[in-house]
Structure formats: structure tokens, C-alpha cells
Amino acid sequence: MRPIVLATDYGVSGAYVGQLKSAIFTIAPDARVIDLIHELPAHNPKASAYLLASFLEHIPPQSVVVGVVDPGVGSDRLPLVLEGDGYTFTGPDNGLFSVMSRKLSDARWFEIRPSTAPASNTFHGRDIFAPVAAQIVSGAAPTLEPVPGESLVGAQWPEDLHEVIQVDHFGNGITGIRYRPALRNRVLEIHGYPLRYAQAFYCVDPGEGFWYGNSNNMVELAIRDGSAAAKFDFNTGDKVKFSAPGKK
């Protein structure tokens, strides 16, 4: 049976994640469920889209991913399924999978057609997306209608998002910029603070700020043995910019 991977902004302190799993178990009791992340940027599908896409290479092949960051829940935004390269993603049409789709060689989009089961106005993760994932892994395919990808939210978003998309447990700032070796001679600036490239934490002195390419191949701001977010006073959504090559 294909694994189901959960990626949400729900956090882990309430009952939301447990209700997702209960909905899956009701339909597919033998499903393997992986909690990838429940701290996607809250209420922020755009930042979450860049962060979620960076995880693709570390999501098991053939997974069905339930992605929910859905401030528009209950509105007329479409419930979607994205398929490609053996993966399936299900979630709202708010751009959450737009960046992910560009990493797939054969991305195909579908609208989930309404079922007879009632859905709440505020919890489509439990009432639509988790059940659809469970139906897919159990072989009871939901009713899907193809939709053109260019008509969906996020189709025109840039390849790189020059802002902080997540502040992690350590106070590091993950950006929406894909790491490339050609960036190493560039200075990254946030709130007027210039940060130079270092390969890893051991390359700088304690208390020194720097930027690096993280384990998911994204540009990240950090301080050795400290919180970059505290020192440079940034949070999710704050802008970053690179200097031109050769400039300080």
C-alpha cells in the first residue's frame, strides 16, 4: 500500500492531526502514515509552497501527500489532486503545490468532484483531503475532473522567493531561494545585515552570522551557537536580497 504523507500548518498541540489520521484509518486502516511536517508557515500557502517543494527528494516514492495550509477553507477555491512522477498530492487550490508541480516531469491537475459525504466549512483536511488520500491508497479512486495547471493559483509565482519562509527551532531562517554554487561569492542581506557564505557551522566562529545551502538545497540564514532570528530581528515573510556578484 502506498504511504500517506501529512504536511500541514496545524501544529501538534491540538486534535487536528489526530483527526486527519482517524479519517484515514476509517477508510484505509492498513495505511502507513508519515508526519512530514505540521509547522508549515501558518496561514501562508505561498511560503509553504516553496518549503514543501524542497522536501520532495526526501518523500518516499509513490507517496500520497495530504497538504493543508488553507486560510480560504470554506470558500469556492477548488479542492485539487496533483499527480506526477508516481506521486499524488491532495489539497486546496491556493498555490500550495504550485512550486512542487514544477519539479515533476509530468504534472497533471484534477479537481476533486463533490462527494455525498458532508464536509464542514472549516476542516476540509479531515473531511475532504485525508479521505481522498485514503481512497487513493485503498484503490477506491475518488471522482476527478482534469483542470489546466495554468489556471490555478501560483502558476505565475517566481522560481525563487526572496524572503524568509520559515524560522526553525534553532532560529535559523530558511528562504525560498534555491541554493546554487554560483551564489557562494554573493553577500545575503537582511534588515541591513550582510551575511557571507559558509559551507557549514564549523566554518565560522561562535556568534558569527552567515548563510549556507541547507540539507534541502535552500538558502538559509544562521548563526553559529545562536539564533539568527533574534540577532537580526527577522520572521517569516521578511525580505532578503543578494548583492551583485563581486560587490560587498
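Buried means under 20% relative accessible area, exposed over 50%, and partly exposed in between (1.4 Å probe, protein chains only). The model is predicted: local features need pLDDT of at least 70, side-chain atom pairs count only at pLDDT 80 or more, and totals for chains, interfaces and linings use all residues. Residues are numbered from 1 along each chain as its sequence is written, and side-chain values use heavy atoms, with hydrogens and water left out.

**View 1. Helix H2 is largely enclosed by the rest of the structure.** Helices (H or I, at least four residues) and strands (E, at least two) are DSSP runs, numbered from the N terminus. Eight of the nine residues of H2 are buried. These are Pro45, Ala47, Ser48, Ala49, Tyr50, Leu51, Leu52 and Ala53. Their cover includes S1, strand S2 (33-37), H3, S8, strand S9 (173-178) and strand S13 (218-223).

**View 2. The largest nonpolar core holds 32 residues.** A nonpolar core is a set of buried Ala, Val, Leu, Ile, Met, Phe, Trp, Tyr and Cys residues joined through side-chain atoms within 4.5 Å. Leu51, Leu52, Phe89, Phe97, Trp109 and Ile165 touch the most other members. Two or more residues each come from strand S1 (4-8), helix H2 (45-53), strand S4 (79-84), strand S5 (87-92), helix H3 (98-102) and strand S8 (161-167). H2 gives the most, with six residues. A second, separate core has 24 residues, including Ile4, Val68, Val132 and Ala134.

**View 3. Surroundings of Trp109.** Contact means heavy atoms within 4.5 Å. Not counting residues up to four places away in sequence, Trp109 touches Leu80, Val81, Leu82, Phe97, Ser98, Ser101, Glu145, Pro146, Val147, Gly149 and Leu152.

View 4. The axes of H1 (residues 16-27) and H4 (residues 124-138) come within 8 Å and cross at roughly 40°. Axes are lines fitted to C-alpha atoms, for helices over the stretch in contact, and angles run from 0 to 180 degrees between N-to-C directions. Gln19, Leu20, Ala23, Ile24 and Ile27 in H1 meet residues of H4, among them Ala130, Pro131 and Ala134.

**View 5. An open sheet of three strands runs S11-S10-S14, with antiparallel pairing.** Two strands pair if DSSP finds at least two bridges between them. Strands S11 (193-195) and S14 (241-242) stand at the edges, each with a single partner strand, so one side of each lacks a neighbour in the sheet. S10 (residues 188-190) and S11 pair over three bridges. Glu189 has Pro194 in S11 as its bridge partner.
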